[in-house]
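I hope they are handy to have beside you as you look through the chain.

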Amino acid sequence: MAPSETVSATQEKPISTIVIIIAMQTEALPLVNSLQLVEDKNPVFPQGVPWVRYVGSYKDLQINLIWPGKDSLFGVDSVGTVSASLVTYASFQALNPDLIINAGTAGGFKAKGANIGDVFIATDVAFHDRRIPIPVFDQYGIGARKTFSTPNLLKEFDLKSGKLSTGDSLDMSTYDEAAILANDATIKDMEGAAVAYVADLFSVPCIFLKAVTDIVDGDKPTPEEFLQNLVAVTAALDRTVIKVVDFISGKCLSEL
Ligand code: SAH
């Protein structure tokens, strides 16, 4: 079978296995409860890693919610690109999903139309802290790519859409700011582009749902604003994830 035929065959098959990658426990647990997922007692991941898989059937879908767990040295959520790419890789190897969803919180730029509590679907992802000023390596560092297009999903839920820029810092240096501007990003997180990189390695479509916890170009300090809004915004994110999962159920990739 020619590669293009393989892709179109996959596009026409009903979606059955979904992997949802979520970086923080506060973001993951309400969804685990709503979707009635249970922690996997026979882990599919190597022994000793903190990565957690919650699994369950929802309608005709097998849902695997993957949380990279608490860092074994520092005891906090394993946020950031390194953990995100590792769990995405391991999840693909173990579960061979039809679709990946990366759900999480993000900073938003009000100058680009983002408000606290908005849930965005990312049309593009790129990195803003991988500066390699050598021709072509500079582009590799930025790693800009389009995400899997879901026109029907966008239409159905009237979600906002915009470009996502990813880096390993919660704050924003002036270097990062310039790069985020150059990436034309509306939202900023610490995982998206890393998940996209791995999903692309395996040609698995990936949807990015990002809820705005803090306004980056506002006047409040990001860590405070983030923590203040985390629980309420996570509830909005979870409602959207459930609506999206409902929409996906019974459909093929080409119908999204
Ligand atoms: N102080 C937090 C740290 C979480 S790091 C804590 O109590 O645990 C922030 C997480 O939220 C990351 O997973 C990141 O993807 C997302 N995020 C939210 N707002 C962000 C912003 N302004 N910039 C980058 N990432 C942000």
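1. Let me start in a loop. Val136 is exposed, with a relative accessible area of 64%. The residue belongs to the loop that joins β6 (119-127) to α4 (137-142). Please look at its backbone: although Val136 is not a glycine, its phi is positive, at about 70°. Do keep in mind throughout that this is a predicted model.

2. Ser203 is not a glycine either, yet it has a positive phi of about 55°. Where does Ser203 lie? You will find Ser203 in the loop between α7 and β10 (206-215), just after α7. With a relative accessibility of 63%, Ser203 counts as exposed, because the cut-off for that word is over 50%.

3. How many of the ten residues of α7 are buried? Seven are, so helix α7 (residues 192-201) is mostly covered. The buried set consists of Gly192, Ala193, Ala194, Val195, Ala196, Val198 and Ala199.

4. One partner of α7 is helix α3 (residues 81-95). The two axes come within 8 Å and cross at roughly 30°. The helices therefore count as roughly parallel to each other, the cut-off being an angle under 35 degrees. Their crossing is right-handed. On the α3 side the contact is made by Thr81, Ala84, Ser85, Thr88 and Tyr89, and on the α7 side by Ala194, Val195, Val198 and Ala199. By class, the contact of α3 with α7 has six nonpolar residues, three polar and no charged.

5. Helix α2 (residues 25-34) packs against helix α8 (residues 222-248) with the axes 9 Å apart and an angle of about 45°. That angle makes α2 oblique to α8. Here too you can check the handedness: α2 passes α8 in a right-handed crossing. From α2, the residues Thr26, Glu27, Pro30, Leu31 and Ser34 take part, and they meet Leu230, Val231, Thr234, Asp238, Val241 and Ile242 in α8. The contact of α2 with α8 comprises six nonpolar, three polar and two charged residues.

6. While you are at α8, have a look at Thr222, which has its place in that helix. Is Thr222 buried or exposed? At 16% relative accessibility, Thr222 counts as buried, because the cut-off is under 20%. Leaving out residues up to four places away in sequence, Thr222 touches Leu170 and Asp214.

7. Next, a charged side chain to inspect. Asp176 sits in helix α6 (residues 174-182) and is buried, with a relative accessible area of 5%. Which side chain does the side chain of Asp176 make a polar contact with? The partner is the side chain of Arg131, at 3.5 Å. Setting aside neighbours within four places in sequence, Asp176 is in contact with His128, Asp129, Arg131 and Asp171.

8. Turning to the strands, Gly108 lies in β5 (residues 99-108). Gly108 is buried, with a relative accessible area of 0%. Its contacts, not counting residues up to four places away in sequence, are Ala114, Thr186, Ile187, Val212, Asp214, Ile215, Val216 and Asp217. As for distance along and across the fold, Gly108 and Asp77 are 31 residues apart in sequence, and their C-alpha atoms are 21 Å apart in space.

9. One of those contacts of Gly108 is Ile215, so named here as a last stop. Ile215 lies in strand β10 and is buried, with a relative accessible area of 9%. Apart from residues up to four places away in sequence, Ile215 touches Gly108, Lys110, Ala114, Asn115, Ile116 and Glu225. Going back along the chain to Ala199, 16 residues away, the C-alpha atoms of Ile215 and Ala199 are separated by 28 Å.

Methods: Residues numbered from 1 in each chain as written. Predicted model: local features only at pLDDT ≥ 70, side-chain atom pairs only at ≥ 80, totals over all residues. Heavy atoms only, no water. Axes fitted to C-alpha atoms, helices over the stretch in contact; angles between N-to-C directions. Helix = DSSP H or I, 4+ residues; strand = E, 2+ residues; numbered from the N terminus. Parallel < 35°, antiparallel > 145°, perpendicular 65-115°, else oblique. Left-handed = near helix turned anticlockwise from the far one by under 90°. Contact = heavy atoms within 4.5 Å. Nonpolar A, V, L, I, M, F, W, Y, C, P; charged D, E, K, R; others polar. Buried < 20%, exposed > 50% of the residue type's maximum accessible area, 1.4 Å probe, protein only. Polar contact = N/O pair within 3.5 Å; in protein donor to acceptor, adjacent residues only side chain to side chain.
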